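Welcome! Open your viewer, have the selection tool ready, and follow along one stop at a time.

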Amino acid sequence: MPKTRRELLQVAAVGAGSLIANDALAAPLTNNQSISKIAFGACAKQDKDQPIWDAIAATNPDLFLFIGDNIYADTRDPQVMRDKYAMLAAKPQFQRFRAKVPFLTIWDDHDYGEDDAGQEYPMKDESRKQFCDFWGVAENSPRRTRADGIYTAQIFGPSGQKVQIILPDLRFNRTPIRKMDLGGKDYRTWAAELNSAGKAVPGPYDRNPDDAATMLGETQWTWLEYQLSQPADVRILASSLQVVADFAGWEGWINYANDHQRLIEAIRRKRANGLFCISGDTHYGEISRLNVNVPYPLWDFTSSGITEVWPVTPPNSRRIGEVYRERNFGLIEINWQNHSIEVKICGEDGSIKLRQTMSISSLRQARF
Ligand SMILES: [Fe+2]
């Protein structure tokens, strides 16, 4: 197996197999390993420099959650997708980080295959194979073969310190998103006209109240509800799309009214205490919290992106504090001694831009 960086680059350039040699990957975590520091991030364009990996590495996380748009494949050509994974694999900072820290990954639209894509994307089986090969998903994992996607969950740590990480697949099975009536115009033209008239420009999408509209599909829902019934002290719902933000113009759980409500009801019904959400996709960092009609406050910590930024911030009435618009990553630190969790959004140099502390006991519904 190749060992030097030069040899690794050659493997990446060939674009074959898993692209990064197995002996250059950090060993996966074992299930009884206690974890307290988890970094996360999203939205990494493979043709841009990604110096942020060194800042993430400097925090010494136990685990990294790469939660979507991990490359921008944006293709229906398997070779183009393969080449783009190879570009990520060839990045020295990324290689160093992967050699040091184990990953758990899920896709969003761009690494699934196309911008804002769902179940209709025609290359999803090939994309699944490339995703699983690149990220080292076990050959016998159901993520490779089950009918409705790559969702997964794992629990780490001993009794009293169990951390459950749930990664739903919001793409493979997603029914069409509801679009706003743009009067037959394409979005750019429509937005430009609103803009020049001095009006606010919403995104092109709308909330869909139809019960049949779903991102997860029924089989994945059964799985998710089962996961929420498993014993754990802390649960991280690692969602590629924002869960709590309430603006439906761009993609988020809020677009799928039934999924959004069903998630909250499932947390309540399964008494799934200790849960908070992390999310990516937006190209900015922010913290959101839902306080009403929930079993306990539902937090959502959004970090995006590793390379991508966006100058315009949509409204979000659930936002707590400021938006961070530069490149960023997320950091979750669980203090098992004083039963608290701190989540930070950190800039490209590792400095803290947003932060929030929660007691684990605040993520618990009262018993009646
Ligand atoms: Fe996305």
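This is a predicted model: local features need pLDDT of at least 70, side-chain atom pairs count only at pLDDT 80 or more; totals for chains, interfaces and linings use all residues.

**Stop 1: the core.** Select F40, L65, I165, I236 and A238. Within the largest nonpolar core, which has 93 residues, these five touch the most other members. Nonpolar side chains tend to be buried together in soluble globular proteins.

Which residues does L65 touch, leaving aside those up to four places away in sequence? Highlight I38, F40, L104, I165, A238 and I278 to see them.

**Stop 2: helix α8.** Next, select residues 218-228 and colour Q220, W223, L224, Q227 and L228, the buried residues of α8. They lie on the same side of the helix because they cover an arc of only 135 degrees around its axis. Turn to the other side of α8 and you will find E218, T222 and Y226 exposed.

**Stop 3: the strands.** Select β11 (residues 328-335) and β12 (residues 340-347), an antiparallel pair with eight bridges. Here L331 sits opposite K344 of β12. Four residues lie between the two strands of this hairpin, where H339 has a positive phi near 55 degrees.

Look for C346 facing I352 of β13. The hairpin of β12 and β13 also has four residues between its strands, and G350 takes a positive phi near 90 degrees.

Key: Residues are numbered from 1 along each chain as its sequence is written. A nonpolar core is a set of buried Ala, Val, Leu, Ile, Met, Phe, Trp, Tyr and Cys residues joined through C-beta atoms within 7 Å. A residue is buried if 20 or more other C-beta atoms lie within 10 Å of its own, exposed if 12 or fewer, and partly exposed in between; C-beta atoms are placed from the backbone. Two residues are in contact if their C-beta atoms, placed from the backbone, lie within 7 Å. Two strands pair if DSSP finds at least two bridges between them. The arc is that of the directions from the helix axis to the C-beta atoms.
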